[in-house]
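Let's take a friendly tour of one structure. Please have a look at the sequence and the model before reading on.

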Amino acid sequence: MQLRYGINPQQTQAHAIPTTPDRWPVRILHGQPSFTNLLDALNAWQLVHEAAQALGRPAAASFKHVSPAGAALSGPIDEVTEQLHGIAGSRITDLTSAYLRARDADPKSSYGDIAAVSHPVDADLAELLTGMVCDGIIAPGFEPGTVERLSTKKNGRFLILEADPAFTPPPQESREVFGVRLTQDGEQVPISRDLLDLVVGAPLPETAADDLVLGLIVLRYTQSNSVCYVRNGMTLGIGAGQQSRVDCTRLAGAKVDTWWLRRHPTVRALAFVPGLRNQEKINWQVRFIEGGLTPLERRHFAQALTGPVDELTPDQRAEWSRRLREVAFVSDGYLPFRDNIDHAQHHGVTYIAEPGGSIRSDEIADACREHGITLARTGLRLFHH
């Protein structure tokens, strides 16, 4: 498979070959992937395929730079998401709801993503994608007419990949770095509720257990160190690739805050001028929530609105934040210090799953007791590099 280019455009010579001759896990239906496109697609497909099998519902993911910006199962779409995409009152398919929920976790980062869905693309999802800034999709099939509909995106450069759901990877995997070939066993341990060994708190509600399982599957395909916050079958914030775990916790927590504040009445009341693109609305919502706009940004923001708006006060933010509850938090490695718990609880966390094994595991458990958080230990580290 000739690739468009390597990780960077100056790496002009790039190709891919199957590890088993003539046995491909995916095939190209339209477009030409780059090296990174293929990495995104292969990781994203594994995530949604595993999530749908483990939890029995259609799953979707939005991937950027080899980590998910968001992932979700099918489920209800709230008014904020409906209004943003102009589908208020519309009937949408389960698959479309899964992708909308996945993309809504961090819609700023999902700009130009690779989408992945666990079931064949239907006409409803294809129609939605034609109006989004999305670079490609991987799915196990496509209903009649959807490939033709999607192939017109990006001036005909939209990437369409079909995954083989029956493909089984070899028992070992290898990669080459600076003249060295590294080989290891593939990741084979199944993720299910059976991994959740309760240490602190009452038995997990079914929805919370499913959220923790989804979070574990998401982190299996997220660059480490990584953590994620999950609620009602959708990620609210993912922290990926940080050297410090508590930095992951803070980064993902800030994304949770942004997701939740996008639902604040003041943010929902922002009246944008007609004709402004959805992505521009999202970006301005996020900057308004972040605060600290520069004088130039303030001028441009005012031009994007039909009228003036008051900034959110610290008290308004704090009061709104306290309303968010029943959030699950998952870590791909053990939590080394209680600061992760102390930060996570500020973002509505009620349930936590982590491998355990830290020399301060007792401190972690004590912190969960203090904050009324149910803690489960999995005994399974999920680093991904």
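## About the model

This is a predicted model, in which local features need pLDDT of at least 70, side-chain atom pairs count only at pLDDT 80 or more, and totals for chains, interfaces and linings use all residues. Residues are numbered from 1 along each chain as its sequence is written, and side-chain values use heavy atoms, with hydrogens and water left out.

## Helix H1

Helices (H or I, at least four residues) and strands (E, at least two) are DSSP runs, numbered from the N terminus. Helix H1 covers residues 35-55, and its end C-alpha atoms lie 31 Å apart.

Of the 21 residues in H1, 15 are buried (under 20% relative accessible area; exposed is over 50%, and partly exposed is in between, with a 1.4 Å probe and protein chains only).

## Two exposed residues

Phe178 sits in the loop between strand E7 (172-177) and strand E8 (180-185). Is Phe178 buried or exposed? Phe178 is exposed, because its relative accessible area is 85%.

Gly379 lies in the segment after strand E14 (374-377) and is also exposed, at 67% relative accessibility. Its C-alpha atom is 43 Å from that of Gln10, 369 residues away along the chain.

Methods: The expected span of a helix is 1.5 Å times one less than its number of residues.
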